[in-house]
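Good morning, and thank you for coming. I shall present one structure, beginning with a helix and then turning to an interface.

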Amino acid sequence: MSIWEYANPKKFIATTTPLVPWLLGVSIALLVGGLIWGFFFTPDDFRQGSTVKIFYLHVPSALMAINVWFMMLITSLVWLVRRHHVSALAARAAAPIGIIMTVMALITGAIWGQPMWGTWWAWDPRLTSFLILFLFYLGYMALWEAIEDPDTAADLTSVLCIVGSVFAVLSRYAVNFWNQGLHQPASLSLDKEENVADVFWYPALVCIAGFVLLFVALVLMRTATEIRVRRIKALEARMRS
Amino acid sequence: MIALLRRDLALAVRAGGGFGLGLAFFLIVVVLVPFGVGPEAALLTLIAPGILWVAALLAALLSLDRIFALDFEDGSLPLLATSPLPLEGVALIKGIAHWITTGLPLTLAAPALGFLLNLAPSAYVWLFASLALGTPALSMIGTFGAALTVGLRRGGLLMSLLVLPLYVPTLIFGAEAVRRGADGLGAATPLLMLAGITLGSFALLPFAASAALRVNLK
Amino acid sequence: MVLTVSDLAVARGGAPVLEGLSFSVAPGEALVLRGPNGIGKTTLLRTLAGLQPPIAGTVNFPEDTGAYASHADGIKAQLTVTENLAFWADVHGADLVDSVFEAFDLVDLRDRFAGTLSAGQKRRLGLARLGVIGRDVLFLDEPTVSLDGFSVKMFASWLRDTHLALGGIAVIATHIDLGLDAPELDLTPFKAAPDARGGSDEAFL
Amino acid sequence: MIPDLGKYAVEVLTAYGVSIALLVLIVGLSVQRSRKVRAQLADVEARRDAAR
């Protein structure tokens with residue numbers, strides 16, 4: 001039994017459909033729990049005051065914004081190499097979730113930045129990188145929408161995703177070079193000294209788990225939807241001929 | 001392959017559009033900026049590197065959708081695809097031809113336009129060097145974007161949306177090189193990065209572009 | 001040098017249109033494809049020429065000997081007749097021979113810009129491209145569109161007396177009689193069944 | 001009920017409001033589209049079976 005069996009659209013739908021409500025339920029429970037824990041039961045930071053509570057939204061959404069693109073890169077490669085339709089459709093299904101996460105990271109970042117740096121928007125390397133990532137998501141989704149033939153669209157968006165990834169990394173480096181920035185170093189660091197205090201960290205972990213599960217649930221649901229759209233197209237094409 | 005390059009250059013010269021339009025656009029953008037930000041010389045000196053680079057980038061963008069669209073419409077593209085030329089070579093030549101018709105004239109004209117924006121005297125050599133090293137990357141990245149959107153009606157707008165984010169690193173290093181040159185700092189690092197992006201683009205993007213062309217010709 | 005097609009199936013827009021096609025064409029022979037609009041003549045020719053992959057079966061002929069021509073013939077309006085032909089000859093590493101201009105009645109038009117030619121003259125120029133690229137296996141999709149009777153005869157005689165006489169091969173989709181002594185292949189019996197396998201949408205059925 | 005958010009109350013509450021709205025939006029859109037496409041597919045399958 002190989003993992004590629006789930007690349008069959010029917011098998012994929014049959015396997016994932018019963019899972020989705022459970023995943024969705026658990027992820028919402030984790031999110032509600034984590035956010036309530038973070039919002040009501042954690043102390044304010046001595047320096048940042050209550051704005052530290054934005055942390056529970058900002059960090060998970062920023063993490064997801066990048067990881068969703070990474071997942072799209074992998075599924076695009078799988079499509080180009082192994083020609084499994086589900087893989088290409090999963091990339092398509094993930095992009096809108098990724099762009100929402102990017103927007104959320106940008107907005108919470110801007111709201112957090114206002115009291116901390118005294119400005120809504122700073123051309124800080126990290127924020128700027130997310131803005132560029134947002135543009136990449138936008139172009140990727142627009143290309144999917146513009147091309148009629150689904151396999152052509154899958155091929156071209158996959159090529160764009162791969163080339164885009166290389167340029168996204170280049171942009172990250174370029175932006176760093178261009179402006180050293182106000183942003184604190186990434187909060188998620190294995191180095192204990194830099195790490196956020198445990199009081200803030202545990203509810204954040206719950207929130208991150210919630211975001212990840214929510215993404216998995218949504219991606220499974222949306223991939224199934226894309227598979228059904230393809231099935232409608234295929235059936236209608238055959239009925240016409 | 002030389003034949004293709006010669007043909008594309010001949011077409012660009014005879015059809016007008018090629019050399020002239022991009023340059024005229026570059027000139028107009030540069031002339032419009034002082035109307036927008038005011039005539040103050042110090043301010044113009046400050047923003048000149050960025051304006052010149054952004055204007056060059058937009059001028060290069062303007063003619064991208066002609067790279068493959070014309071050959072697609074008149075049927076040359078499938079004929080080229082079935083010819084002995086490798087499609088990767090076709091994409092490479094198209095990128096080079098686009099650079100010769102837009103990037104090269106922009107590079108040569110930019111120093112002259114620098115005067116209009118009161119560019120710092122020390123920056124001219126850096127402006128020229130950064131454009132000479134950076135505009136080939138703009139052409140090659142654009143060729144890839146054009147290959148992605150060649151079969152689409154109204155592909156031009158979509159192509160801008162796809163290509164502009166890819167231009168970010170080139171723009172940053174290009175403008176930064178001029179800015180550092182103007183301030184008398186060492187501009188070697190951004191120039192090296194620009195050269196790296198250009199070399200990398202020319203080495204790898206023809207393969208991505210030809211893959212996209214094959215898919216679009218199917 | 002023989003063109004051999006065995007058990008070929010081709011798809012348009014992901015759905016199979018023709019299946020189970022087998023034929024072979026010997027040197028010096030032509031094959032005329034017949035069938036109603038939409039049966040898949042263009043799709044078949046494009047597949048034979050290698051512009052799109054078949055969904056089943058094989059197409060065999062020596063590498064780098066095939067050429068495809070459709071009504072869009074890659075003529076640049078801003079180049080002269082000679083320049084247009086010289087370009088395609090150059091791309092294929094062939095020499096531009098003078099006899100081509102006579103065979104396609106282009107002698108007087110040599111230095112005219114292609115943009116100033118009439119539709120029929122342009123078509124003759126497009127077909128003359130086939131005479132300069134030195135390819136042996138031609139896949140022609142409605143080559144005589146917008147040609148007058150005289151020009152059709154001229155093209156047919158070039159095909160017969162030059163191309164085929166020298167051992168070339170041609171597969172032609174056309175609705176008119178070219179006056180070639182060539183077998184015809186009606187594609188109607190090869191129409192793919194509605195539930196044919198192998199389309200790119202098969203996994204979703 | 002709501003803890004004392006101090007002088008940053010507006011910022012924190014907006015951030016939570018906007019984020020939760022975005023999450024609800026993407027979940028809502030996904031669920032709604034899933035329902036719509038399921039119904040369409042059922043319709044097409046019924047028509048195909050009728051045509052057989």
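The expected span of a helix is 1.5 Å times one less than its number of residues. Helices here are DSSP runs of H or I with at least four residues, strands are runs of E with at least two, and both are numbered from the N terminus. The model is predicted, so to speak of local features requires pLDDT of at least 70, side-chain atom pairs count only at pLDDT 80 or more, and totals for chains, interfaces and linings use all residues. Residues are numbered from 1 along each chain as its sequence is written, chains are lettered from A in the order in which they are written, and side-chain values use heavy atoms, without hydrogens and water.

Consider helix α5 of chain C, residues 149-164. Its 16 residues reach 21 Å from first C-alpha to last, close to the expected 22 Å.

I turn to chains B and C. Which residues are in contact, meaning heavy atoms within 4.5 Å? On chain B there are 24, facing 25 of chain C.

The two chains bury about 2000 Å² between them, counted as accessible area (1.4 Å probe) lost on being put together, summed over both. R14(B), L79(B) and T82(B) supply 31% of the area that chain B buries against chain C.

K76(C) and D74(B) form a salt bridge at 2.8 Å, N to O, the rule being a Lys or Arg side-chain nitrogen within 4 Å of an Asp or Glu carboxyl oxygen.

Note on methods: Contact means heavy atoms within 4.5 Å.
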